[in-house]
Amino acid sequence: LLRNSAFLFSAGTANGALSFVFWVVAAHLYAPVTIGRVTALFAVANLTAGLGTLGFNNSLIRYLPGEARQSDMLNMAYSLVSGTATLAAVAFIAMVDILAPKLGFVRGHVGFELLFVLFVACSATSIVLDNTFTALRATHFTLVKTLVLNVLELALMLSLRRLGAIGLFASYSLAFAGAVVIGLFILRQRF
């Protein structure tokens, strides 16, 4: 219990500190209007991803440890979460002019649309993945995934800064995709 709590605390602290560094660097590299638009888009994406989890993130903590067929439960959970999150992201893009007209710049820009869908699906999967590691009492992998995510975010932001707003959004989205791929690889190999 103490070991897992320490890793969860460390993951949360590392994520908070490195996210702060990410946004400080971004504030120095990007115009304020770009930062505002992208953070608003992230807020909507995180809300959409949270809805896309369907509560599986909490359910897995409770039911996964006692499940005899854990692989089947995880396959079902990840399939439903990624599918639902993807549909929710597509629905948001289709209704962006009604729901959030100021974010209308996303619609019709294929790059933003694809990155938005990717980010929402990966963010929802990432939430469930963290709770899967918690359920399996392997929270050290949550710390590893968090560190990979934040290092990738910073590296990608610096390398994609010439692309403006889409580069900033891409750095975050692609970092989440990379962290989820690594997290799922660890999950498959170890459990």
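A pocket here is an open set of 1 Å grid points, computed over the protein atoms alone, with protein on both sides within 12 Å along at least five of seven lines, and its lining residues have an atom within 4 Å of a point. The model is predicted. In it, α7 provides six residues of the lining of the second largest pocket, the largest share. The largest pocket takes the most from α4, which gives five residues.

**Largest pocket**

- The volume of the largest pocket is about 240 Å³.
- Its lining consists of Q70, S71, L74, N75, Y78, L136, L184, L187, R188 and F191.
- Two helices, α4 (70-94) and α8 (165-190), each contribute at least two residues to the lining of the largest pocket.
- By class, this lining has six nonpolar, three polar and one charged residue.

**Second largest pocket**

- The second largest pocket has a volume of about 200 Å³.
- It is lined by 17 residues, of which N15, D130, K145, T146 and L149 are the closest to its centre.
- At least two lining residues come from each of α1 (2-29), α6 (110-135), α7 (140-159) and α8.
- The lining of the second largest pocket divides into nine polar, five nonpolar and three charged residues.

**Packing of α4 with α6**

- The axes of α4 and α6 come within 8 Å of each other and cross at roughly 150 degrees.
- Angles over 145 degrees count as roughly antiparallel, and α4 and α6 are therefore roughly antiparallel to each other.
- The crossing in which α4 passes α6 is right-handed.
- On the α4 side, the contact is made by L74, Y78, V81, S82, A85, T86, A89, V90, F92 and I93.
- On the α6 side, the residues in contact are E113, F116, V117, V120, A121, A124, T125, V128, L129 and T132.
- The contact of α4 with α6 has 15 nonpolar residues, four polar residues and one charged residue.
- L74 and Y78 take part in this contact and also line the largest pocket.

**Packing of α1 with α8**

- The axes of α1 and α8 come within 12 Å and cross at roughly 165 degrees.
- These two helices, α1 and α8, are therefore also roughly antiparallel to each other.
- α1 passes α8 in a right-handed crossing.
- The contact joins F22, W23 and A26 of α1 to L168, S171 and Y172 of α8.
- Five nonpolar residues and one polar residue make up the contact of α1 with α8, with no charged residues.

**Packing of α2 with α6**

- Helix α2 (residues 32-52) packs with α6 at an angle of about 45 degrees, their axes being 8 Å apart.
- That angle makes α2 oblique to α6.
- α2 and α6 have a right-handed crossing.
- From α2, the contact takes L41, F42, V44, A45, N46, T48 and A49.
- From α6, the contact takes F112, F116, F119, V120, S123 and A124.
- Ten nonpolar and three polar residues form the contact of α2 with α6, and none is charged.

**Residues of α6 in two contacts**

- Which residues of α6 make the contact with α2? Among them are F116, V120 and A124.
- F116, V120 and A124 are also among the α6 residues in the contact with α4.

Terms used
Residues numbered from 1 in each chain as written. Predicted model: local features only at pLDDT ≥ 70, side-chain atom pairs only at ≥ 80, totals over all residues. Heavy atoms only, no water. 1 Å grid on protein atoms, 1.4 Å probe; cavity = no way out; pocket = protein on both sides within 12 Å on 5 of 7 lines; lining within 4 Å. Points joined across faces, edges and corners; volume = space filled by probe spheres on them. Helix = DSSP H or I, 4+ residues; strand = E, 2+ residues; numbered from the N terminus. Nonpolar A, V, L, I, M, F, W, Y, C, P; charged D, E, K, R; others polar. Axes fitted to C-alpha atoms, helices over the stretch in contact; angles between N-to-C directions. Parallel < 35°, antiparallel > 145°, perpendicular 65-115°, else oblique. Left-handed = near helix turned anticlockwise from the far one by under 90°. Contact = heavy atoms within 4.5 Å.
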